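I'd like to walk you through one protein chain, side chain by side chain. Please have a look at the screen first.

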Amino acid sequence: MKILIVKDRNVLNTKFAVEFANSLAEKGHEVVFASNSAKKIGGGYSFSPAVRFVNLCSPAQRLLTALKLGALAYRALIRAEDPDLIVTFFFRDLLNVTLFQKHRARIVQMFHNYPANMFATVDRAFFIRRRLTLASLRRVAAFQVLMPSFEAIVRRRFPGTPVFSVPNVVRPVAEEARADPGVEKKRVVYIARVEGSVKRQHLVIEAFSAVAEEFPEWQLDLWGSLKHPAYTARLQAMIQRSGLAGRVHLHGNSNDVTGAYREADFQVFASAHEGFGLALMEGMACGLPAIGFRASPAVNELIVDGENGFLAADTAEVAARMRELMRDPALRKRMGQAALASAAPYAPERVAEAWDRNLRKVFER
C-alpha cells in the first residue's frame, strides 16, 4: 500500500511519528510523510531512507496558511501522490486532507488523547470550525484509539465507522538499567509536564505530605517541563508550607528518564486523564509499581489494582497506598515484577504488527 501520513508540525522531534513511519516502511509499505512547517520540523530523530518526507512549506504556502487555506497545498500533494491510505495525527491534519478536495484515499484518523476530551474541544469550537471538523470526521474510513475502552466513546459519535485500538510503543528496558527492587532508594517519582489541570502534581505533594513525618528519610522527585510559572510557584509554596523543602524536588525536564525511574522505589501518577499514559508505562517497564486515580481514563486500565500498583479514589487513599509501599519492600518487589510484565504487550514489534494488520483491513474493506 501507499500510505500518506500527515502531521502539521513538530515532526522530527516526535519520536512516535518517526518510528511509526519507519515501522510501516519496514512492513513493505510505500510511506510518504507530509508536513507544512516553517520552523517546527524539529530534530533529534531520523526517518529511514525508505520514508519520503515532504515539507509543503513555502512563501506561498505560508500565505495560504495565514488565510486558512493550507488545505490547498495538501490537495495538490494528494493528487500527485495518489495514496491508498491517509493517516492523520490531529483534527487539523484531517481538515488539511478533506477541505476543498475529493480523492479515493481512505482516511484513518488517530486519537492521541482521551476521545471524549477531543470531541468536547470540537463541540466548543466556533460554529464554522465545528461544522467543518464534523463534516471531515464523517469522511473518515476508520478511527484509531489508544485504549480498547475508548472504542465505545468514538462509536457513540460515529456509529457507522470502524474503530480499532493500537497502543503506543513502550520500549523494553535492559535489566541492568531497570530499578533494582533489592536496593531501597527511599524515593517516590512522578514524571509528567508540570501542569495543574491534567497532570496535577499538587495532589502528589498533598499525599506525600500526609506520610512525610512517618517516613522522614523518603523524598519525592517531580520531573517535567516547567512551562506554567504560576502553577510552579503554587507548588513551591505548598512545599514550603508543608516543611518539605529539601525533600520534594521540582527538577524540570530530564534527559535521562530511565535513570530517574531507576533511582526510585515506586511512582505516583496523578493525571486526571490520559490518551495512553506513556510515562506511566515507561516507569513500569523499569520495574516500578504505580499509584494512580481510579477515575482517570487509561490510567485505570494500565494500573491493575492490587497487582502492578494501586488505584485510589482520592489523595487520602493515595497517601494510604504510599504508606503501604514505603513499609513493605516485598510488596514493592512483587508489584514491580508485575509492572514489568505489564509493559510486554507494548513492545515495538507487537505494536507495528497491530498497525499493519489494521491498516490492511481498512484498505481491503
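This is a predicted model: local features need pLDDT of at least 70, side-chain atom pairs count only at pLDDT 80 or more; totals for chains, interfaces and linings use all residues.

Let's begin with charges. The count of salt bridges comes to 23. One of them pairs Glu 19 with Arg 171, where the closest N and O atoms are 3.1 Å apart. That pair links distant parts of the chain: Glu 19 is in helix H1, while Arg 171 is in the loop between strand E7 and strand E8, 152 residues apart. Glu 19 has a relative accessible area of 26%, so it counts as partly exposed. Arg 171 is also partly exposed, at 39%.

Now to Arg 104. Arg 104 lies in the loop between helix H4 and strand E5, and Asp 82 in the loop between H3 and strand E4, so the bridge ties together parts that are 22 residues apart in sequence. Arg 104 forms a salt bridge with Asp 84 as well, with the closest N and O atoms 2.7 Å apart.

Asp 84 has 14% relative accessibility, and buried means under 20%, so Asp 84 counts as buried. Arg 104 itself is partly exposed, at 48%.

Both of those aspartates turn up again around Lys 2. This lysine is in strand E1, residues 2-6, and at 15% relative accessibility Lys 2 counts as buried. Among the residues Lys 2 touches are Glu 30, Arg 52, Glu 81, Asp 82 and Asp 84.

Before we leave charges, there is also a network of salt bridges that links Glu 184, Lys 186, Glu 217, Asp 265 and Arg 332.

On to the rings. The count here is 18 aromatic pairs. Phe 111 and Phe 119 make an edge-to-face pair, 5.4 Å centre to centre with 65 degrees between the planes. Both of these phenylalanines are buried. Phe 119 has a charged neighbour too: Arg 157 lies over the face of its ring, 4.7 Å from the ring centre.

Then we have Trp 218 and Phe 266. Their ring centres are 5.9 Å apart and their planes are at 45 degrees, so the pair is tilted. Trp 218 lies in the loop between helix H8 and strand E9, and Phe 266 in strand E11, so this pair ties together parts that are 48 residues apart in sequence. Both residues are buried.

There is also one aromatic cluster whose members include Phe 16, Phe 20, Phe 33, Phe 164 and Trp 355.

Last stop, the surface. Phe 126, Phe 127, Ile 128 and Leu 132 form a nonpolar patch there, with about 430 Å² of accessible area together. Phe 127 belongs to helix H6, residues 127-137, and is partly exposed, with a relative accessible area of 46%.

That's my tour, and I'm happy to take questions!

Terms used:
Residues are numbered from 1 along each chain as its sequence is written. Side-chain values use heavy atoms; hydrogens and water are left out. Patches are made of residues with over 30% relative accessible area and no salt bridge: like charges are joined within 9 Å, nonpolar side chains (Val, Leu, Ile, Met, Phe, Trp, Tyr) within 5 Å. Accessible areas come from the Shrake-Rupley method with a 1.4 Å probe; for residues, only the protein chains shown count as cover. A salt bridge is a side-chain nitrogen of Lys or Arg within 4 Å of a carboxyl oxygen of Asp or Glu. Helices (H or I, at least four residues) and strands (E, at least two) are DSSP runs, numbered from the N terminus. Buried means under 20% relative accessible area, exposed over 50%, partly exposed in between (1.4 Å probe, protein chains only). Rings of Phe, Tyr and Trp (its six-membered ring) pair if their centres lie within 6.5 Å; planes under 30 degrees apart count as stacked, over 60 as edge-to-face and the rest as tilted. A charge sits over a ring if NZ of Lys or CZ of Arg is within 6 Å of the ring centre and within 35 degrees of the ring normal. Contact means heavy atoms within 4.5 Å. Lists of a residue's contacts leave out its neighbours within four places in sequence.
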